[in-house]
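Dear colleague,

I am handing over the structure we spoke of, and below it you will find my notes on what was found in it. Please read them with the structure open beside you.

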Amino acid sequence: MSTVALKITTNLAEYPVTQAIRDGRVSSSVVSLDCCGPTLAHDAFKAMLRDNAYDAGELAIVTYLQARAYGKPYVMIPIPISGRFQHKTVAYNAELGHLDPKDIEGKQVGVRTYAQTTGVWARGILQHEYGVDLNKVTWLTIEDAHLSEYRDPSNVRKLPAGSKLKDMLFKGEIAAAIMGNDMPDDPRLKTLVPDAAAAAKDWYQREGVICMNHVFVVREELSKERPDVVREIFRMFVESRRLAGEQPGKILPPIGLDANRKALEMAIQFAFEQKVIPRRLSVDELFDDTTAVLTA
């Protein structure tokens with residue numbers, strides 16, 4: 001007797017490492033991923049966590065840490081979808097004068113949301129690598145966090161609707177901004193971290209950590225009731241990553257819990273220190289009995 005693959009609603013965007021799943025080159029007789037999310041996966045994070053809109057999907061790692069801390073019913077599969085070095089993501093307007101990292105103390109710095117994963121990594125680097133006292137910075141945001149339970153710390157202020165960090169940076173209304181993928185290609189902008197590429201290389205040689213960005217999660221109930229489905233999803237992601245091959249200029253976090261343990265510990269530490277999560281999670285509680293043992 002033939003069995004029908006379990007169809008699960010999935011928030012998964014198209015990247016080189018997921019393209020083979022999206023275009024059908026990697027498939028399964030056990031599970032079918034209905035990739036019905038928006039073009040940009042982060043546009044569905046709120047719906048996923050506030051409305052339980054998907055059975056599985058991407059979450060930024062810090063968003064997932066918040067989800068676990070606030071009891072959302074998702075569990076992580078240990079194959080990160082994306083990662084990068086975040087040293088280059090903080091910019092300042094050099095036309096207004098040179099800034100060293102500690103110069104932002106006592107000033108205003110923009111970021112899309114305070115709990116944004118890029119922001120947490122970048123602030124952690126500024127604190128631990130360059131001695132910046134993050135509590136002495138006023139952080140200006142333009143969007144709310146993905147989780148309704150979360151409240152920003154007291155040194156975070158929401159900007160009026162329609163505010164644009166790039167414009168504020170050029171006008172000198174903010175000292176710096178954490179831009180991430182929105183970094184303008186403009187010669188006036190310099191990275192707050194001096195020689196960011198060399199700093200990232202040194203960081204990796206010392207720490208062996210790639211700053212994890214998006215991860216993939218499934219509903220806890222699905223993992224408990226259908227561990228075969230979760231194992232098959234993991235297999236599909238491993239195969240899709242293999243088919244993508246090396247991506248010029250891109251670096252991916254490794255596969256498996258143990259290989260990512262240090263990066264996860266660091267993400268938890270930074271998020272807790274920055275008051276993004278209410279308690280210091282353990283790495284092991286990000287996984288369950290099924291997902292913790294998955295390895296390529």
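About 170 Å³ of space lies in the second largest pocket of this model, which is a predicted one. The residues that line this second pocket are Arg112, Gln116, Ile142, Glu143, Ser163, Lys164, Leu165, Lys166, Ile178, Met179, Asp182 and Pro184, and by class they divide into 5 nonpolar, 2 polar and 5 charged.

The largest pocket, for its part, has a volume of about 1,200 Å³. Its lining is made up of 47 residues, of which Ser82, Arg84, Asn181, Asn213 and Lys250 are the closest to the pocket's centre. Two or more residues of this lining come from each of helix H3 (61-69), strand E5 (83-84), H4 and helix H6 (196-207), and H6 gives the most, with 3 residues. Sorted by class, the lining of the largest pocket holds 20 nonpolar, 20 polar and 7 charged residues.

A pair of aromatic rings is described by the distance of the centres and the angle of the planes. The count of aromatic pairs in this model comes to 3, and two of them are set out here.

In one of them, tryptophan 121 and phenylalanine 270 are placed edge-to-face, with 5.8 Å from centre to centre and 80° between the planes. This pair links distant parts of the chain, since tryptophan 121 is in helix H4 (residues 117-130) and phenylalanine 270 is in helix H9 (residues 257-273), 149 residues apart. Both tryptophan 121 and phenylalanine 270 are buried.

In another, phenylalanine 216 and phenylalanine 237 form a tilted pair, with their centres 4.6 Å from each other and their planes at 50°. Because phenylalanine 216 lies in strand E13 (residues 214-219) and phenylalanine 237 in helix H8 (residues 227-244), the pair ties together parts that are 21 residues apart in sequence. Phenylalanine 216 and phenylalanine 237 are buried too.

Aromatic rings also come into the surroundings of arginine 123, which lies over the face of tyrosine 114, at 3.9 Å from the ring centre. Arginine 123 likewise lies over the face of tryptophan 139, in this case at 5.2 Å from the ring centre.

One further residue may be worth a look on your screen, namely serine 223, which is found in helix H7 (residues 220-225). Is serine 223 buried or exposed? Its relative accessibility is 1%, and since buried means under 20%, serine 223 counts as buried. Once its neighbours within four places in sequence are left aside, serine 223 is in contact with Val75, Val218, Val230, Asp288, Thr290 and Thr291.

With kind regards

How values were computed: Residues are numbered from 1 along each chain as its sequence is written. This is a predicted model: local features need pLDDT of at least 70, side-chain atom pairs count only at pLDDT 80 or more; totals for chains, interfaces and linings use all residues. Side-chain values use heavy atoms; hydrogens and water are left out. Helices (H or I, at least four residues) and strands (E, at least two) are DSSP runs, numbered from the N terminus. Buried means under 20% relative accessible area, exposed over 50%, partly exposed in between (1.4 Å probe, protein chains only). Contact means heavy atoms within 4.5 Å. Rings of Phe, Tyr and Trp (its six-membered ring) pair if their centres lie within 6.5 Å; planes under 30 degrees apart count as stacked, over 60 as edge-to-face and the rest as tilted. A charge sits over a ring if NZ of Lys or CZ of Arg is within 6 Å of the ring centre and within 35 degrees of the ring normal. On a 1 Å grid over the protein atoms alone, a cavity is a set of points where a 1.4 Å probe fits but cannot get out, and a pocket is an open set with protein on both sides within 12 Å along at least five of seven lines; lining residues have an atom within 4 Å of a point. Grid points are joined across faces, edges and corners, and a volume is the space filled by probe spheres set on the points. Ala, Val, Leu, Ile, Met, Phe, Trp, Tyr, Cys and Pro count as nonpolar, Asp, Glu, Lys and Arg as charged, and the others, Gly among them, as polar.
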